[in-house]
Amino acid sequence: MPESKTQSNIKPLVSVALPVFNRAPIIGRTIESILAQTFQDFELIIVDDGSTDGIEGVMRAYEDDRMRYVRHAENRGLMAARNTGVRESLGVFLAFQDSDDIWHPKKLEEEIALLHAAPLSVGGVYSRVEKTYINGSTMRIPSDDQKTVDGNLLKVFLRGDYFITLQALLVRRECIDRVGAFDENFKVFGDGEFIIRFAKHFEFVYNPNIRVLLKVQNDSISLDQKKRLTAKERLFEKERETYSRFPGIYAANAFSLGRAFAFAGDTSKAKIFIWEAIRVRPWRFSYFVFFLLLALGGSGGVRTLGKWLQKLRI
């Protein structure tokens with residue numbers, strides 16, 4: 001399997017970037033789902049982010065000229081691996097996959113057709129996802145009641161409705177050049193940060209067919225609630241100016257962060273964010289009540305507050 005960019009003048013239409021870290025036992029099914037695409041004009045770039053489970057041996061078993069293997073000398077994180085995949089890519093369009101998810105055979109074929117037919121204001125096409133959790137429950141994303149799925153989705157994402165996953169997305173290369181690389185400071189929620197940044201410049205087209213099967217693994221970093229909260233705070237601070245263009249959304253996000261920090265036991269940060277929500281939306285009674293109970297009740301008040309909020313469904 002080649003380990004560097006091809007010198008051929010014939011470039012693939014699509015580049016698929018696949019980061020992997022210690023997924024040797026399961027990555028085979030993901031690779032097979034990509035190689036089985038009905039649309040075949042693509043390259044597959046596998047970025048090994050410093051794995052220690054012998055995944056190189058798995059890669060050597062494949063004899064397919066469309067595949068390239070790139071290895072980080074040490075683990076640098078998912079966003080760094082995605083950036084390596086983008087830098088190594090040659091295609092006009094870019095697609096992303098994760099090492100434990102499966103593509104439907106027609107995923108690329110359908111998305112390429114939709115993106116070819118779309119105006120240049122559209123930077124990406126995404127398909128519907130079926131997500132399976134550790135307990136066996138499933139969810140379809142976007143949900144059936146999601147009303148806005150095409151066009152300018154910035155406000156939707158800022159509200160917290162992150163229904164586009166990178167595994168389901170196909171984008172034009174020039175859009176990546178304009179939006180910029182993945183932010184490697186985000187160890188969690190980097191995909192969401194990128195999608196918001198992308199949506200500031202480009203529109204989306206939706207493919208309603210389920211074309212990605214996503215399975216949450218026991219070691220998924222997205223399960224770490226503390227890291228998720230830290231990442232959401234980082235995102236809010238980074239995109240504060242963007243959020244502030246929509247005062248109601250800004251206040252709702254500040255309140256959501258404050259509430260999360262309150263339940264995490266960090267009352268100092270909780271007060272800061274909730275007071276920011278009050279500053280922007282002073283007529284929201286629930287913001288004032290939350291702040292008052294938090295200020296008077298301390299950590300015990302937070303637990304009481306949780307029961308009170310459940311009753312009022314705030």
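The model is predicted, so local features need pLDDT of at least 70 and side-chain atom pairs count only at pLDDT 80 or more, while totals for chains, interfaces and linings use all residues. Residues are numbered from 1 along each chain as its sequence is written, and side-chain values use heavy atoms, with hydrogens and water left out.

**The chain overall**

The protein chain has 12 helices and 9 strands; these are DSSP runs (helices H or I, at least four residues; strands E, at least two), numbered from the N terminus. Buried residues make up 51% of its 314 residues. Here buried means under 20% relative accessible area, exposed over 50% and partly exposed in between, with a 1.4 Å probe and protein chains only. Among contacts with a separation of 6 or more, 72% come from residues 24 or more positions apart, a contact being heavy atoms within 4.5 Å. The accessible surface is about 15,200 Å², and 52% of that belongs to carbon and sulfur atoms; areas come from the Shrake-Rupley method with a 1.4 Å probe, and for residues only the protein chains shown count as cover.

**Rings**

There are 19 aromatic pairs in the structure. Rings of Phe, Tyr and Trp (its six-membered ring) pair if their centres lie within 6.5 Å; planes under 30 degrees apart are stacked, over 60 edge-to-face, and the rest tilted. Two of the pairs look like this:

| Pair | Centre to centre | Angle between planes | Type |
|---|---|---|---|
| Phe236 and Tyr250 | 5.1 Å | 45° | tilted |
| Phe263 and Phe290 | 6.4 Å | 80° | edge-to-face |

Phe236 sits in helix α8 (residues 225-238) and Tyr250 in helix α10 (residues 247-263), so their pair ties together parts 14 residues apart in sequence. Both of these residues are buried. The other pair links distant parts of the chain, with Phe263 in helix α10 and Phe290 in helix α12 (residues 285-312), 27 residues apart. Phe263 counts as partly exposed because its relative accessibility is 44%, whereas Phe290, at 0%, counts as buried.

Elsewhere, one aromatic cluster includes Phe96, Tyr126, Phe157 and Tyr206. Two lysines also lie over ring faces: Lys107 over Trp103, at 4.3 Å from the ring centre, and Lys232 over Phe189, at 5.8 Å. That call needs NZ of Lys or CZ of Arg within 6 Å of the ring centre and within 35 degrees of the ring normal.

**The second largest pocket**

Lys232 turns up again here: together with Tyr162, Arg228, Ser256 and Leu257, Lys232 lies nearest the centre of the second largest pocket, which is lined by 19 residues. The volume is about 510 Å³. Helices α8 and α10 each supply at least two lining residues, and α10 gives the most, with 8.

On a 1 Å grid over the protein atoms alone, a pocket is an open set of points where a 1.4 Å probe fits, with protein on both sides within 12 Å along at least five of seven lines; lining residues have an atom within 4 Å of a point. Points are joined across faces, edges and corners, and the volume is the space filled by probe spheres set on them.

Arg211 is in strand β9 (residues 203-215) and counts as buried at 12% relative accessibility. Leaving aside neighbours within four places in sequence, its contacts include Trp103, Lys107 and Glu110. Arg211 and Glu110 are 101 residues apart in sequence but 9.4 Å apart in space, C-alpha to C-alpha.

Ser33, in helix α1 (residues 27-35), is buried too, with a relative accessible area of 9%.
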